[in-house]
Amino acid sequence: MRRISRITVAGAATASLALALSACGGTSTSSSSSESKGDKGLAIAYDVGGKGDQSFNDAAYAGLEQAKKEFGYETADVEPTEGETDADKEQRLASLAKQGYNPVIGVGYAYAAAVKGAAEKFPDTTFGIVDDATIEAKNVADLVFSEEQASYLAGVAAAKSTKTNTVGFVGGVDIPLIHKFQAGFEQGVKDTNAKVKVIPQYLTQTAEEGGFSSPDKGKTAAEGQIEKKADVIYAAAGLSGQGVIEAAAANKVWAIGVDSDQYQQEALAKYKDSILTSAMKDVAKAVYNLAKSVEDGKPTTGIVKGDLKTGEVSLSNSNPKFADDAELQEAIETAKEKIISGEITVKSS
């Protein structure tokens, strides 16, 4: 049964929500027959890049869509705005909570201050934040992942696939979260073949400079690495990673995607034959699971971590050239088993 506080939302809430959010990012809502009861469920607020990034944000949206379909309630997803402040983000989350959405999830570490503030103002609403573990509150779930573990496997794949003994790493923004991707990738490469050189590059120092939202920056970085003989490039750069994949396809080298299975993304279909694999983290599952916990009346809070053991980080097998390479698959499976057993400890920095 849904909690009473979720059902006693005034009928005029939808109109006021649109007004409240118009100043802090667009929103789209979807509803079913439950709308007549004022029954509202999951709401997500996107990170930089917004919906359509074919990566991180789209994975969160997939979780929202699953919850909407299964629970038959109204949902909302809200875009970020350029140059917004923490106060703008907090207003967005607070507006969603005020209208009766529950849970409310900030997609990305940039929502840390906003989630903390909104959670204090709405203690009866469950909040979630993806990729941040700093919020300690009774009504907040910190949804984090062992990205370094999937990145290690990506490193194994890169080291086994390179013909030039040179591979690249493109990070969107030079921050600790993306350092985890780089650290795991480099360790996986070196443990597999110490002769392989890794060329790392970050696009920007801050997200505001477009490191996660500029395909042109990603393309330029990848082209520079290809000139240095890199023939496998792993991008942990959000929307900017599309530029890396485009450059890889144009130069007939391999790209490794991130967060979502980018081989399967419609917007990247013309490049898919150049996408070796993707180091995935199941943001969709984490978002859905939090919504389900609220739906079940037992909201999850605290740190919730996904890793190889739980199956919430992994490598995709969609590309047949990758999936059918028995030697490569054996190397990846061996590394995976050693990480899960603890024989290999993957660095996160």
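How many of the 13 residues of H10 are buried? In this predicted model, the count is 10, so H10 is mostly covered. The buried residues of H10 are Val283, Ala284, Ala286, Val287, Tyr288, Leu290, Ala291, Ser293, Val294 and Glu295. The helix itself, residues 283–295, has end C-alpha atoms 18 Å apart, which agrees with the 18 Å that 13 residues should span at 1.5 Å a residue. After H10 comes Gly297, with a positive phi near 80 degrees.

Stepping back to the whole chain, the protein has 12 helices and 13 strands. Of its 349 residues, 56% count as buried. Take the contacts with a separation of 6 or more: 70% of them come from residues 24 or more positions apart.

Leu328, Ile332, Ala335 and Ile339 are buried in H12. Seen down the helix axis, the buried residues of H12 fall within an arc of 65 degrees, so they line one face. An α-helix has 3.6 residues a turn, so residues three or four places apart point the same way. On the face of H12 turned away from the buried side sit the exposed residues Ala326, Glu327, Glu330 and Ser341. The cover over the buried residues of H12 includes H6, strand S13 (313–315) and helix H11 (320–323). Just past the end of H12, Gly342 takes a positive phi of about 95 degrees.

The largest nonpolar core has 61 residues, and Leu42, Ile44, Ile178, Phe185 and Tyr234 touch the most other members. Helix H6, residues 147–161, supplies the largest share of this core, with eight residues. There is also a second, separate core of 20 residues, with Ala222, Ala230, Ala248 and Ala255 among them. In soluble globular proteins, nonpolar side chains tend to be buried together.

As for strand pairing, S7 (residues 166–173) and S8 (residues 197–204) run parallel and are joined by seven bridges. One of the residues involved is Val173, whose bridge partner in S8 is Thr204.

A few spots in the backbone stand apart from the helices and strands. The peptide bond from Asn102 to Pro103 is cis, with omega near 5 degrees, and Pro103 lies in the loop between helix H4 (86–98) and strand S4 (104–107). Two residues other than glycine have positive phi values: Asp131, near 75 degrees, and Asn165, about 60 degrees. Asp131 is in the loop between strand S5 (127–130) and strand S6 (140–145), and Asn165 is in the loop between H6 and S7. Asp131 has a relative accessible area of 11%, so it is buried. Asn165, at 30% relative accessibility, counts as partly exposed.

Finally, Ala113 belongs to helix H5 (residues 112–121). With a relative accessible area of 41%, Ala113 is partly exposed. Beyond its neighbours within four places in sequence, Ala113 is in contact with Asp86 and Glu90. The C-alpha atoms of Ala113 and Ala87 are separated by 8.5 Å, with the two residues 26 apart along the chain.

Definitions and conventions: Residues are numbered from 1 along each chain as its sequence is written. Side-chain values use heavy atoms; hydrogens and water are left out. Two strands pair if DSSP finds at least two bridges between them. Helices (H or I, at least four residues) and strands (E, at least two) are DSSP runs, numbered from the N terminus. A nonpolar core is a set of buried Ala, Val, Leu, Ile, Met, Phe, Trp, Tyr and Cys residues joined through side-chain atoms within 4.5 Å. Buried means under 20% relative accessible area, exposed over 50%, partly exposed in between (1.4 Å probe, protein chains only). The arc is that of the directions from the helix axis to the C-beta atoms. Contact means heavy atoms within 4.5 Å. The expected span of a helix is 1.5 Å times one less than its number of residues.
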